[in-house]
Amino acid sequence: MKKIGIMTDSHSGILTEEAEKLGIKVLPMPFYIDDELYLEGVDLSREEFYEKLRQGVNVSTSQPSPQEVMETWDDMLKEYETLIYIPISSGLSGSCMTAQGLAQDEEYEGKVFVVDNGHVSTPLHRSVLDAVEMAEAGYSAVEIKKILEETKEQMVIYVGLSTLEYLKKGGRISSTSALLANVLNIKPVMKFGTGVLDVYQKCRGMKKSRKAMIDAMKNELETTFHDAYKAGKVYLMAASSSSEEVTKEWVEQIKEAFPGMEVMSDYLSFGLSCHIGPDGLGIGCTCKPV
């Protein structure tokens, strides 16, 4: 049997082709559109999803059933001695805590290790790659879980929203605030730390929103991540719920602002896009854990 199997969920932005290349498992996250169940990456294309989102349909997120999670673990344990499961942050979804509870069952204890390092989107994607690299380097599942959780604070994301409509639907802001923001062309920039999403800055228009995010990231590299940045141990990232053309343009803008740095880019998961809305853009960074 192989020593360590690695699993994540579709909030990581890892697509089927990459998952197969890496030899990992990606659990598709469920969501509902007008009370009909869909699985991300299985039942609906990205174009179809955003078209429905713009049409104003009722979209809500969910989490995989415990049965589905355990069946996936059972299948993987036929091939691997131990498993590392890196799901979306427990601060954003209950699926992580559910998995942690399941992993304490006698049949999984000492075999399945659930990592809660507060990551989502591209930083979560990077955590999976870090886990793969550490497994290949000979680290044990226990060591990988410990390292990923001990370094969870070494991450930040800024996301510029094109509208507050979806935060209003989620109950995070009032209808009056959303209406006023639309009238004044306010594009809020949200800051996501370890499992916590807060308003960072309110901008007039997406052009200023983009500048605010890039300026915020420059400040992060000069302060919070200064030592890691100087040592070449920072991963720079982009995320998007916009079109392919706008996403490419955003990535190029980031590259111009941070010459010499590679930019890892992903589309936001459907579950996150339910709250962010279409046409959102993000920038973030994490540090190499070892």
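User: What makes a set of residues a nonpolar core?

Analyst: A nonpolar core is a set of buried Ala, Val, Leu, Ile, Met, Phe, Trp, Tyr and Cys residues joined through side-chain atoms within 4.5 Å. In this predicted model, local features need pLDDT of at least 70 and side-chain atom pairs pLDDT 80 or more, while totals for chains, interfaces and linings use all residues. Residues are numbered from 1 along each chain, and side-chain values use heavy atoms, without hydrogens or water.

User: Which residues have the most contacts inside the largest nonpolar core?

Analyst: Met217, Phe258 and Ile283, in a core of 25 residues. Helix α9 gives the most to this core, with six residues. Another core, of 19 residues, lies apart from it and includes Ala131 and Met134.

User: Where does Arg210 lie, and what does Arg210 touch?

Analyst: Arg210 lies in helix α9, residues 206–222; helices are DSSP runs of H or I, at least four residues, numbered from the N terminus. Leaving out residues up to four places away in sequence, Arg210 touches Val246, Glu249, Trp250, Gln253 and Leu281, where contact means heavy atoms within 4.5 Å. Arg210 and Leu281 are 71 residues apart in sequence and 8.0 Å apart in space, C-alpha to C-alpha.

Notes. Helices (H or I, at least four residues) and strands (E, at least two) are DSSP runs, numbered from the N terminus. Buried means under 20% relative accessible area, exposed over 50%, partly exposed in between (1.4 Å probe, protein chains only).
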